[in-house]
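Colleague: Could you walk me through how to read a fold, beginning with the sheet and ending with the core?

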Amino acid sequence: ETDRADPGIDLNSPYHYRLWCRDFADTTRVIRSPEGAVVAFTTAYVRPDEPTTLMVWQQVASASHRSRNLGHARVRDITQSLLAEHRTTHVEATVTDTSGAPVRTVQKMCDEFGGTLTVNLLLGQEVFPEGNHEAEDLERVR
């Protein structure tokens, strides 16, 4: 439900999500309703080329579960787990100009952990097929 409910979410196949949850279980959080439906999730990974950096890749919440700070709670949970293992010193996320909730989540992480936030263009609109995707900025907390 959640990965298809919002036209602003990049769609991936169910196969992709199943592999992701298997291979990146320690950096993925899924929230289910009492009935078992997925109502929110966060996918993230530790960057292979920079093993102290957590890259938050996708956050999704169904309309009924938005505005509950679930995104921040999921990212905090992942980050605290990695911090406890001394595996993470930085958190990154890509955001578009219109993605308000991810921007707020990264800012809250910065405020909570007392970090410094930097924002730089990562992928310009011209690199996406058919130009139908907004540019992606990289927000980085250290």
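Modeller: Happy to; we will go through the sheet, its helices and the core in turn. Keep in mind that this is a predicted model.

Colleague: In what order do the strands form the open sheet?

Modeller: Two strands count as paired if DSSP finds at least two bridges between them. Here 6 strands make an open sheet, ordered E1-E2-E3-E4-E6-E5, with mixed pairing. From one strand to the next, the twist averages 20 degrees.

Colleague: And which are the edge strands?

Modeller: Look for strands that pair on one side only: these are strand E1 (28-32) and strand E5 (117-123). E5 is joined to strand E6 (residues 136-141) by 6 bridges, and the two run antiparallel. As a landmark, find Val-119, which stands opposite Glu-139 in E6.

Colleague: Where do helices H2 and H3 sit?

Modeller: Helix H2 (residues 14-23) lies across E1, strand E2 (38-46) and E3, at about 60 degrees to E2. H3 also packs on the sheet, touching E1, E2, E3 and E4, and its direction makes about 155 degrees with that of E3.

Colleague: What does Val-141 touch?

Modeller: Leaving out residues up to four places away in sequence, its contacts include Val-91, Val-106, Cys-110 and Leu-117. Val-91, Val-106 and Cys-110 belong to the core along with Val-141.

Note on methods: Residues numbered from 1 in each chain as written. Predicted model: local features only at pLDDT ≥ 70, side-chain atom pairs only at ≥ 80, totals over all residues. Heavy atoms only, no water. Core = buried A, V, L, I, M, F, W, Y, C linked by side-chain atoms within 4.5 Å. Buried < 20%, exposed > 50% of the residue type's maximum accessible area, 1.4 Å probe, protein only. Contact = heavy atoms within 4.5 Å. Helix = DSSP H or I, 4+ residues; strand = E, 2+ residues; numbered from the N terminus. Axes fitted to C-alpha atoms, helices over the stretch in contact; angles between N-to-C directions.
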